[in-house]
Amino acid sequence: MPTIIDGKLTSSQIKEEIKTRVEEIKAEGGKTPHLAAILVGYDGASQTYVGAKVKACEYVGFESTLVRLEETVTEEELLRKVEEINENPDIDGLIVQLPLPKHISVEKVTSKIRPEKDVDGFTPANVGRMALNWPAYVAATPYGIIELLKRYEIETSGKHCVVIGRSHIVGSPMSILMARNGYPGNATVTLTHSRTKNLEEIARTADILIVALGKPEFVTADMVKPGAVVIDVGIHRVEDASKKSGFRLIGDVKFDEVAEKASAITPVPGGVGPMTIASLLYNTLLSAEKKVYS
Ligand code: NAP
């Protein structure tokens, strides 16, 4: 049986560590870390995600501010709100929940966020710092994967890491992080995408396979080298009448058959997914303690 890389357990351990640190800061008379979130409109999933983030802040002892704006808010008004939070010395981190309504430019809004408060790690400044191996806020999903590799003591140096998918929020930063000089890192990385030829052959050469293409159960056992470490980022809802909710979650990897070949694997759910909120809290703590931009 492979090692099951348990993101649920790891994320709760990280939350406990952050909670303990916040208690220490408060006992020392320091400032309570404070995260602000801007939510535009009433998208159901976005409301759930933001709600979970606010609840997690409360759990670890952070302050949080939720700014709710109507779907009809203008770009100028939203940019003004971002600027106001940028200027507020009490707020350490700011996230703007995506997606935004079509009339608002995500690029404009993201570039307005002061890099020192960009705890989502989406601004060009933080992406650039990450690529340079400088202290940076790393985006939640890649940070979560790195943390899982570290905590499960997965050897990465000299290994061949194949990343499937090159999105700005997952695949592309993952490829940079795995190639960096450090741990986890020092891997030889192949970044693949929809134009890649012989993907199956390339995947079979991976010691570490990171799958983030958004296609349910795309990776099958015949694409995996025996003993590989498999990280599944995909999340998909599929109907399942046997469940009370009427659905279940699956990943980009065909878990049961791939688990028989892998030495370690992340499940879906309970793998990479739960790590994202822990990452956000961690970045906010880094910001409050001035550990990235000092
Ligand atoms: P995305 O922006 O849709 O990017 C998908 C990437 O996969 C693109 O680079 C695309 O190539 C590549 N791709 C698509 N079909 C392919 C194929 N047949 N062969 C090889 N490459 C292919 O996706 P994303 O935002 O990175 O998300 C990927 C998955 O992870 C989704 O299921 C998403 O729900 C999930 N996700 C989970 C978390 C989490 O917390 N667990 C966080 C974020 C995302 P091109 O660039 O050539 O189009």
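1. The lining of the largest pocket takes at least three residues from each of domain 1 (29-114) and domain 2 (140-273). These bounds come from an automatic or database domain assignment. The C-alpha centres of domain 1 and domain 2 are 29 Å apart. This is a predicted model, in which local features need pLDDT of at least 70, side-chain atom pairs count only at pLDDT 80 or more, and totals for chains, interfaces and linings use all residues. Residues are numbered from 1 along each chain as its sequence is written, and side-chain values use heavy atoms, with hydrogens and water left out.

2. The largest pocket has a volume of about 1,600 Å³. Its lining counts 49 residues, and Tyr49, Thr141, Ile235, Gly273 and Thr276 are the closest to the centre. The search runs on a 1 Å grid over the protein atoms alone; a pocket is an open set of points with protein on both sides within 12 Å along at least five of seven lines, a cavity is a set where a 1.4 Å probe fits but cannot get out, and lining residues have an atom within 4 Å of a point. Grid points are joined across faces, edges and corners, and a volume is the space filled by probe spheres set on the points.

3. Which elements give two or more residues to the lining of the largest pocket? They are α1 (7-27), α2 (44-60), α4 (106-112), α6 (140-151), β9 (236-239), β10 (247-250) and α10 (275-288). Helices (H or I, at least four residues) and strands (E, at least two) are DSSP runs, numbered from the N terminus. By class, the lining of the largest pocket has 26 nonpolar, 15 polar and 8 charged residues. Ala, Val, Leu, Ile, Met, Phe, Trp, Tyr, Cys and Pro count as nonpolar, Asp, Glu, Lys and Arg as charged, and the others, Gly among them, as polar.

4. Now the ligand. There are 22 residues around the ligand, of which Arg166, Ser167, His193, Ser194 and Val233 come nearest; a residue is near if one of its heavy atoms lies within 4 Å. This shell divides into 10 nonpolar, 10 polar and 2 charged residues.

5. A polar side-chain atom of Ser194 lies 2.5 Å from a ligand oxygen atom. For Arg166, a polar side-chain atom is 2.7 Å from an oxygen atom of the ligand. At Ile235, a polar backbone atom is 3.3 Å from a ligand oxygen atom. Alone, the ligand exposes 930 Å², and the protein buries 70% of that. A polar contact is a pair of N or O atoms within 3.5 Å; accessible areas come from the Shrake-Rupley method with a 1.4 Å probe.

6. The second largest pocket has a volume of about 370 Å³. It is lined by 20 residues, with Val138, Tyr143, Ile146, Lys150 and Arg180 nearest its centre. Helices α6 and α10 each supply at least two residues of this lining. α6 gives the most, with 4 residues. The classes here are 12 nonpolar, 4 polar and 4 charged.

7. How many cavities of 30 Å³ or more does a search of the whole structure find? The search finds 1. The largest cavity has a volume of about 70 Å³. It is lined by Val96, Leu98, Val106, Val109, Thr110, Ile113, Asp118, Asp120 and Phe122. α4 provides the largest share of this lining, 3 residues. By class, the lining divides into 6 nonpolar, 1 polar and 2 charged residues.

8. Backbone points to check follow. Most residues other than glycine have a negative phi, and most peptide bonds are trans. Leu98 and Pro99 are joined by a cis peptide bond, with omega about 0°. Pro99 sits in the loop between β4 (93-96) and α4. Tyr183 and Pro184 are also joined by a cis peptide bond, with omega about -10°. Pro184 is in the loop between α7 (171-179) and β6 (188-192). Asn133 is not a glycine, yet has a positive phi of about 65°. Its place is the loop between α5 (124-131) and α6.

Note on methods: A polar contact is a pair of N or O atoms within 3.5 Å; within protein, one must be able to donate a hydrogen and the other to accept it, and residues adjacent in sequence count only if both atoms are side-chain atoms.
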